[in-house]
Amino acid sequence: MATKRQTPVLVLAFSLLICAAAADASKFVRPPSRPLVTTLHSKADSHPQQVHISAVGTDGMAISYVTEDKTVPSLVEYGRAPGKYSHSATGESTSYKFFFYSSGKIHYVRIGPLEPTTVYYYRCGGAGDEFSFKTPPAALPLEFVVIGDLGQTEWTAATLAQVNRSDYDMLLLPGDLPYADMHQPRWDTFGRFVEPYASRRAWMVTEGNHEIETLPVVGPRPFLAYDARWRMPYGESSSSSNLYYSFDVAGGSVHVLMLGSYAEFGPSSDQRRWLEADLAKVDRSRTPWLVEMRKALEELLYRARVDIVFAGHVHAYERFKRIYDNAADPCGPLHVTIGDGGNREGLADNFQRQHKTAPLSEFREASFGHGRLRVVNGTHARWSWHRNDDSFSVLRDDVWVESLSRSSSCNPPRGPSPPSAAAAWSDEL
């Protein structure tokens, strides 16, 4: 029998509060796609590039970077003052071939233990630029930025610039990162493109369909580049795959599940077994907030009283009512579609005209932008969505959410028997 983990979970219920000061939507014209931004590397082959970080455990960080020079060590030096590195750590490296493309040396180094809410300065490979990051807090409040379907266009640049204008603790990215689509140099340009942001706050990501990158018979294996370049701390949550994992934040007050819609999730799958075991360890009395990234195993999430589900794929923004089994349910998760980071394919053309679930929709807009989830305490959080409007952002959706863990009517769990895996699948969430 699984032992309950005495930590809080992220759960969301909401009261509708659309920002009255928002721009008049009737005058807004949906923006077209914009050109790609190609970020080149002009320094020496030994110079670390594509630096990004992810949270590991309760007090660690993983630093990833790439060098063209294969002799550069997997080394990170760090400390609390600029240029003064009182600690160092060594890690491991990998590389991969994709038909005629050969990657650089991809380094992965874990550092810690680190103090919460503390700025650390660090350098990779024993040389190169100095970076800094701030660790997440040990308790609430905590603020996430949420962006899906990011890409590397001029719209993406606007999104990230607007994100950077206000502080936050961690970024969640539910799939579709560079839109490389088998063109491997785009992974390199994307890594350099996001480095100013991904090197200063933990980016916790999961895969989308654009990360699959394989062909029948000739290969290579799916997710080859994604697994090599964006390694997440899946082992810490007893997951056997980089495609799905979980982690705690703010002293365990928030438990985040990163599910893989493009990994097997049927009744006998490793992902389903892992998810059941992971949810069984969560004690909602100590973990009031539970967040999940992608709908694939609805019944398990419903019975665990998951509070909010973020999904990408559809290139637009939408916030739904609490839902279970395609119907409004006060004990179901709040669903948010957040596939509007700035990808090169543009926005969802038929999003408004052919909306099959419009009665369940509270707010929707086919525009580029980003979301912010501020978990204030064990009972309430604030969700806001900010539309890109050229050089500035516009607050368009703003709601308060109440944790399901505090709802007596939703405890114990209720509902029908588990649906089949086929019924639970939704690629267009």
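**A few notes on salt bridges, a disulfide and a pocket**

1. Let's begin with charges: the structure holds 18 salt bridges. Keep in mind as you read that this is a predicted model.

2. Take Glu92 and Arg231, whose side chains meet in a salt bridge with an N to O distance of 2.9 Å. The two partners come from distant parts of the chain, 139 residues apart. Glu92 sits in strand β6 (residues 92-94), while Arg231 is in the loop between α3 (224-229) and β15.

3. Next, have a look at Arg319 and Asp397. Their side chains also form a salt bridge, 2.8 Å from N to O. This is another link between distant parts of the chain, with Arg319 in strand β19 (residues 317-324) and Asp397 in strand β25, 78 residues apart. How accessible are the two residues? Arg319 has a relative accessible area of 0%, so Arg319 is buried. Asp397 has a relative accessible area of 0% as well, so Asp397 is buried too. The cut-off behind that word is under 20% relative accessible area.

4. Asp227 and Arg221 make a salt bridge too, and here the closest N and O atoms are 3.3 Å apart. Asp227 is partly exposed, with 21% relative accessible area.

5. Now for the cysteines. The structure holds one disulfide, and it joins Cys331 to Cys410, with the sulfur atoms 2.0 Å apart. As a reminder, a disulfide is a covalent bond between the sulfur atoms of two cysteines. Cys331 lies in the loop between β20 (327-328) and β21 (334-338), and Cys410 in the loop between β25 (392-402) and α6 (421-424), so the bond ties together parts that are 79 residues apart in sequence.

6. Why is this disulfide called left-handed? Because the torsion about the S-S bond of Cys331 and Cys410 is about -90°. Both of these cysteines are buried. Cys124 is buried as well, with a relative accessible area of 1%.

7. Finally, some empty space. Rolling a probe the size of a water molecule over the atoms shows where such space is left. The second largest pocket has a volume of about 280 Å³. Of the 20 residues lining this pocket, Gly57, Thr58, Asp59, Pro136 and Pro137 are the closest to its centre. The elements giving two or more residues to the lining are β2 (49-56), β3 (60-67) and β15 (245-249).

8. What kinds of residues line the second largest pocket? The lining divides into eleven nonpolar, six polar and three charged residues. If you colour the model by domain, look at where they come from: domain 1 (45-135) and domain 2 (137-402) each give at least three residues to the lining.

How values were computed: Residues numbered from 1 in each chain as written. Predicted model: local features only at pLDDT ≥ 70, side-chain atom pairs only at ≥ 80, totals over all residues. Heavy atoms only, no water. 1 Å grid on protein atoms, 1.4 Å probe; cavity = no way out; pocket = protein on both sides within 12 Å on 5 of 7 lines; lining within 4 Å. Points joined across faces, edges and corners; volume = space filled by probe spheres on them. Helix = DSSP H or I, 4+ residues; strand = E, 2+ residues; numbered from the N terminus. Nonpolar A, V, L, I, M, F, W, Y, C, P; charged D, E, K, R; others polar. Domains from an automatic or database assignment. Disulfide = S-S within 2.5 Å. Buried < 20%, exposed > 50% of the residue type's maximum accessible area, 1.4 Å probe, protein only. Salt bridge = Lys/Arg side-chain N within 4 Å of Asp/Glu carboxyl O.
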